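User: I would like to go through this structure step by step. Could you please bring it up for us?

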Amino acid sequence: MEIHLTQTILIKHNYISMTILAFDWGLVIEKLILIAVVVFGSLGIALYTTFGERKVAAILQDRPGPNRAGPFGLLQPLADGLKLIMKEEIIPTAANKWLFILGPGLAMTASLMTCAVIPWGSDLELFGRKIALQIADINIGILYVFAVVSMGVYGIMIGGWASNNKFSLMSSLRAASQAISYELAMGLALIALLMTSGSLSLKTIVEQQVTGNWWNIVYQPLGFLLFFIAALAECNRTPFDLPEAENELNFGYHQEYSSMKLGFYLFAEYINMIMSSAIMASMYFGGYDLPFFDESTVAPNIAAMIGVGTLLIKIVLFIFLFMWIRWTIPRFRYDQLMNLGWKTMIPLALFNLLITGALILANL
Amino acid sequence: MQPLTNKAQAVNRQPMTFWERLYLINIIKGMMITFSHMFKKQPTTRYPEEKRPFSPVFRGLHVLNRDEEGRERCTACGLCAVACPAEAITMEAAERVEGEEKLYREEKYAAKYEINMLRCIFCGLCEEACPKDAIYLSETFAPANYTRKGFIYGKSDLLIPNPTTEAADLALARGVEA
């Protein structure tokens, strides 16, 4: 009896160790490294996007901008971050403490989670393994992005509500209704793209553009314009930065926040910007595809690196466009925002959908 | 009413055309304007490294003058203190004794001479009042200090370097101030 028992245990043990061995640990390690690189990379880029914002604002307004910390002021974002961390953390007495802390955390998590489905480059070959430069190539990639982006609104909503402050609440309400209104137009603009590409996977969409002749912007110019405008609204960027309208709402939903919690909100905004730039670049501008360059002529690793660089350049250009718009035009009034969202964007998106459908039917 | 200038323009109250209502064209026009500003010369003076040129009559912090032989010119007559509208200047006079002829030009001198730079309005009336050319306003400005006490400038802060014994310091001070 005893022998029998030990035997079963042994067999069981063997079985477990076998499954553990059979499990591809290389994949886990590779994905963990990729996640770390992407998350910390986007945090670093976000850090320098804050600096870039101030510099772009300055040069567009004939000023030198931050130039004191380090050469050309390059250490400024580190100084800003240090300042935010060292500041006193204040939680208002009337605030709901847990939700108050949850708000910025949620905003940050949601904006960072988007990066999971973005293809950063073609496959890399290292140590005899084929490493995909994408954390997860799920076949509903774009739907996932939409789900996560709408979760980001909860961060703002919860933060604004938990602050127990009229202005914050008003601002979070604005943010929520704005996000919902523009998500509709965004989704409709996207459906037209999905009709031409026939896939929800971002990797497939990018590969189609790499192998095909044209980027999707050629097929979907109106769709891109609508998507871009909706992305501005989703990122709460000017001219849609009503949730942060300083003149009416003091500071918006993060008015009661201080220290790194405020930093998280501001950071989440910049990460959102980076992620929406990456998604727009992937969906409409060929992702990691360098135009007029045949990737098959160079080694696959070099081609992958060129691809990553190309995508990063496209992201930087989009971020510059975001900033350029911010420092050019003032924000909309709230009724104008709603009019634009419901009475212009959605009909236009539907029109775009119709045209695309007609062209597909006509086999063009 | 007769317009005072020829700059008046009639307000255009025409309803917006389709392209105007679209906003996009005008937004792109605006963006071109901001883009062109990227290549414009910045009017900024990068202050601590670079200083704005001043006119020679700029009224900055005061200096107490010496004559060519390095003797203090001030005789503590008090005219500057009387002229001062902000009452920033105080002094105490003393009589020159035997053997101090190389230090003080006249028989009477200022033993203590203080200007409160927080009170001073840099009007230059002290400079105008002085019969002995003893006080001048220099081109130094924006003094910084940790305490209020530090802004009360005494004789050691105000006197210029002695041209006979500290000629190099004087030249340096002149060079910086000029």
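User: Let's start with chain B. Among its contacts with a separation of 6 or more, what share comes from residues 24 or more positions apart?
Analyst: Please keep in mind that this is a predicted model. In chain B, 71% of the contacts with a separation of 6 or more are between residues 24 or more positions apart.

User: And what about chain A, for residues at least 24 apart?
Analyst: For chain A, the share is 81%, counted among contacts between residues at least 6 apart in sequence.

User: Back to B. How many helices and strands are there in chain B?
Analyst: Chain B contains six helices and five strands. Read from the N terminus, the order of these elements is α-α-β-α-β-β-α-β-β-α-α.

User: Which strands form the open sheet, and in what order?
Analyst: The open sheet of chain B has three strands, arranged β2-β3-β5, with antiparallel pairing.

User: Why is one side of β2 and of β5 left without a neighbour?
Analyst: In chain B, β2 and β5 are at the edges of the sheet and each has a single partner strand, so one side of each has no neighbour there.

User: How many bridges hold β2 and β3 of chain B together?
Analyst: Seven bridges connect strand β2 (residues 89-95) of chain B with strand β3 (residues 108-116) of chain B, in the antiparallel sense. As one example, B:Glu95 has B:Lys108 in β3(B) as its bridge partner.

User: And how many join β3(B) to β5?
Analyst: There, two bridges link β3(B) to strand β5 (residues 152-153) of chain B, again running antiparallel. B:Ile115 stands opposite B:Tyr153 in β5(B), and B:Asn116 stands opposite B:Ile152.

User: New topic: what radius of gyration does chain B have?
Analyst: Chain B has a radius of gyration of 28 Å, whereas a compact globule of 178 residues would have one near 16 Å. Its C-alpha trace spans about 95 × 45 × 35 Å along the principal axes. Buried residues account for 14% of the 178 residues in chain B.

User: What does chain A look like in those terms, span and burial?
Analyst: The C-alpha trace of chain A spans about 80 × 60 × 45 Å along its principal axes. Of its 364 residues, 40% count as buried. Chain A has 13 helices and two strands.

User: Which residues touch the most other members of the largest nonpolar core?
Analyst: That core has 82 residues, and A:Ala185, A:Ala189, A:Phe227, A:Ala230, A:Ile274 and A:Met280 touch the most other members. The element that gives the most to this core is helix α11 (residues 259-284) of chain A, with 16 residues. There is also another core apart from it, of 20 residues, including B:Leu64, B:Ile115, B:Cys130 and B:Ile135.

User: What is A:Ile274 in contact with, leaving aside neighbours within four places in sequence?
Analyst: A:Ile274 is in contact with A:Ser42, A:Ile45, A:Ala46, A:Thr49, A:Ile315 and A:Ile319.

User: How many residues does each chain bring to the contact between them?
Analyst: Chain B brings 12 residues and chain A brings 11 residues. The side of chain B that touches chain A has five nonpolar, five polar and two charged residues.

User: Last topic, confidence: where is it lowest and where is it highest in chain B?
Analyst: In chain B, helix α6 (residues 167-177) is lowest, at a mean of 73, and helix α3 (residues 79-83) is highest, at 93. Chain B averages a pLDDT of 87, and 98% of the residues score at least 70. For the complex, the predictor gives an ipTM of 0.73 and a pTM of 0.79.

Definitions and conventions:
Residues numbered from 1 in each chain as written. Chains lettered and ligands numbered in written order. Predicted model: local features only at pLDDT ≥ 70, side-chain atom pairs only at ≥ 80, totals over all residues. Contact = placed C-beta atoms within 7 Å. Nonpolar A, V, L, I, M, F, W, Y, C, P; charged D, E, K, R; others polar. pLDDT = per-residue confidence, 0-100. Helix = DSSP H or I, 4+ residues; strand = E, 2+ residues; numbered from the N terminus. Core = buried A, V, L, I, M, F, W, Y, C linked by C-beta atoms within 7 Å. Buried ≥ 20, exposed ≤ 12 C-beta atoms within 10 Å, placed from the backbone. Rg over C-alpha atoms; globule rule 2.2 N^0.38 Å. Pairing = 2+ DSSP bridges.
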